[in-house]
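Hi,

Here is the structure I said I would pass on. Have a look at it first, and then read on for what turned up in it.

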Amino acid sequence: MSDPFPAARHDGAIVILAGGTGSRLGGCDKPLLPLGAGCVLDHLVATLRPSCDRLAINANGTPARFGRWSLPVLPDARAGDGPLGGVL
């Protein structure tokens, strides 16, 4: 049976919204939570990277915590915009 959702590659960019305070989870970095053999971000990057030419992470705070993925880390344009500030 063929894949009903074949991977489409495009020449745009994908930004992973990885911010938020994680207050309901004790203030942790949600994308760094364990998932299977890696973490949530490992799975997102592996899934999304083949689909686009450019991939970046949107998160505030110290960008070095995402260094092992070798992706640009883009902070919110304005502080205090809430959970969707990364979309702006």
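Arg-54 sits in strand 4, and with a relative accessibility of 52% it counts as exposed, because the cut-off for that is over 50%. Keep in mind that this is a predicted model. If you leave out residues up to four places away in sequence, Arg-54 touches Asp-11, Gly-12, Ala-13 and Ile-14. Take Gly-12: it is 42 residues away from Arg-54 along the chain, yet the two C-alpha atoms are separated by 6.6 Å.

Asn-58 belongs to strand 4 too, which covers residues 52–58. Is Asn-58 buried or exposed? Its relative accessibility is 5%, so it counts as buried, the limit being under 20%. The side chain of Asn-58 reaches the backbone oxygen of Leu-74, at 2.8 Å.

Leu-74 also turns up on the outside: together with Val-15, Leu-17 and Val-87 it forms a nonpolar patch on the surface. The accessible area of these four together is about 340 Å². Leu-17 is found in strand 1, residues 10–17, and is partly exposed at 48% relative accessible area.

Now the overall picture. The protein chain has one helix and five strands, and along the sequence they follow the pattern β-β-β-α-β-β. There are 88 residues, of which 25% count as buried. The accessible surface comes to about 6,100 Å², and 61% of that belongs to carbon and sulfur atoms. Of the contacts with a separation of 6 or more, 53% are between residues 24 or more positions apart.

Next, the inside. The largest nonpolar core has 14 residues, and the ones that touch the most other members are Leu-41, Val-45, Leu-55, Ile-57, Phe-66 and Trp-69. Which elements each supply at least two residues of this core? They are strand 1, helix 1 (40–48) and strand 4. Strand 4 gives the most, with three residues.

On to charges: the structure holds two salt bridges.

- Arg-65 and Asp-29 meet through their side chains at 2.7 Å, N to O. This pair links distant parts of the chain, 36 residues apart: Arg-65 is in the loop between strand 4 and strand 5, and Asp-29 is in the loop between strand 1 and strand 2 (34–35). Arg-65 is partly exposed at 28% relative accessibility, and Asp-29 is partly exposed as well, at 23%.
- Asp-42 and Arg-68 make a salt bridge with their side chains at 3.3 Å, N to O. Asp-42 lies in helix 1 and Arg-68 in the loop between strand 4 and strand 5, so the pair ties together parts that are 26 residues apart in sequence. Arg-68 is exposed, with a relative accessible area of 60%.

Most residues other than glycine have a negative phi. Ser-70 counts as exposed, at 65% relative accessibility.

Cheers

Key: Residues numbered from 1 in each chain as written. Predicted model: local features only at pLDDT ≥ 70, side-chain atom pairs only at ≥ 80, totals over all residues. Heavy atoms only, no water. Helix = DSSP H or I, 4+ residues; strand = E, 2+ residues; numbered from the N terminus. Buried < 20%, exposed > 50% of the residue type's maximum accessible area, 1.4 Å probe, protein only. Polar contact = N/O pair within 3.5 Å; in protein donor to acceptor, adjacent residues only side chain to side chain. Patch = residues over 30% accessible without salt bridge, like charges linked within 9 Å, V, L, I, M, F, W, Y side chains within 5 Å. Areas by Shrake-Rupley, 256 points an atom, 1.4 Å probe, with all protein chains shown as cover. Contact = heavy atoms within 4.5 Å. Core = buried A, V, L, I, M, F, W, Y, C linked by side-chain atoms within 4.5 Å.
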